[in-house]
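Hello,

Here is the structure I promised to pass on. Please open it first, then read my notes beside it.

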Amino acid sequence: MFHGPDGYISPSWYPTVRDHGKGVPTWNYAVVHAYGQLRVIDDAAWVREQSGSLTKQQESVFGSPWSIADTPPDFIERLTSSIVGVELTIIRLLGKWKISQNQPEHNRDGVIQGLRTQGTHQALELAESMEKYF
């Protein structure tokens with residue numbers, strides 16, 4: 001399971017609740033379930049290759065990217081020997097989200113504003129997801 005942003009949604013953020021009082025708390029979320037064949041890989045060479053590729057990809061955004069080659073080889077050998085790799089060959093993905101799509105636009109706008117007021121990373125990420133899709 002891969003979780004995206006999620007968070008509590010207060011009914012006080014819905015303008016319609018102020019109009020008629022009808023509303024209840026809920027939870028907005030995005031999640032993906034990945035199904036497939038999982039393979040455990042206890043091979044230090046494979047782990048080094050995967051770690052090197054992932055590090056190179058992630059470090060590419062930096063002006064002076066760090067490289068595994070910047071670390072003493074015996075230190076890397078000791079660390080990679082304690083890592084067991086896993087590989088998932090995906091055969092099916094199932095995604096679901098609930099981001100107030102059942103609400104009228106002005107209620108969704110109220111939720112986005114309420115989330116932004118909270119100011120937490122999770123709340124801001126959820127607000128951005130809602131803005132992106134509506």
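The largest nonpolar core has twelve residues: Ile9, Trp13, Tyr14, Val17, Ile99, Val111, Ile112, Leu115, Ala123, Leu126, Ala127 and Met130. Two helices, α4 (105-118) and α5 (121-133), each supply at least two residues of this core. α5 gives the most, with four residues. Keep in mind that this is a predicted model.

Which residues does Leu115 contact, leaving aside its neighbours within four places in sequence? They are Tyr8, Ile9, Trp13, Ala123, Leu126, Ala127 and Met130.

Now look at how α4 and α5 sit together. Their axes are 8 Å apart, and the packing angle is about 155°. Angles over 145 degrees count as roughly antiparallel. The two helices, α4 and α5, are therefore roughly antiparallel to each other. The crossing of α4 past α5 is left-handed. On the α4 side, the contact is made by Arg108, Val111, Ile112, Leu115, Arg116 and Gln118. On the α5 side, Ala123, Leu124, Leu126, Ala127, Glu128, Met130 and Glu131 take part. What kinds of residue make up this contact of α4 with α5? Eight are nonpolar, one is polar and four are charged.

You will find Ser100 in the loop between β3 (85-98) and α4. Its phi is positive, about 65°, although Ser100 is not a glycine. Is Ser100 buried or exposed? Buried means under 20% relative accessible area. Ser100 has 1% relative accessibility, so it counts as buried.

Then go to Thr16, in helix α1 (residues 15-20). With 15% relative accessibility, Thr16 also counts as buried. What does Thr16 touch, not counting residues up to four places away in sequence? The list is Gly21, Pro104, His106 and Asn107.

A residue is exposed when its relative accessible area is over 50%. Ser82 has 58%, so it is exposed. Where is Ala44 relative to Ser82? The two are 38 residues apart along the chain, and their C-alpha atoms are separated by 8.5 Å.

Best wishes

Key:
Residues numbered from 1 in each chain as written. Predicted model: local features only at pLDDT ≥ 70, side-chain atom pairs only at ≥ 80, totals over all residues. Heavy atoms only, no water. Core = buried A, V, L, I, M, F, W, Y, C linked by side-chain atoms within 4.5 Å. Buried < 20%, exposed > 50% of the residue type's maximum accessible area, 1.4 Å probe, protein only. Contact = heavy atoms within 4.5 Å. Axes fitted to C-alpha atoms, helices over the stretch in contact; angles between N-to-C directions. Parallel < 35°, antiparallel > 145°, perpendicular 65-115°, else oblique. Left-handed = near helix turned anticlockwise from the far one by under 90°. Nonpolar A, V, L, I, M, F, W, Y, C, P; charged D, E, K, R; others polar.
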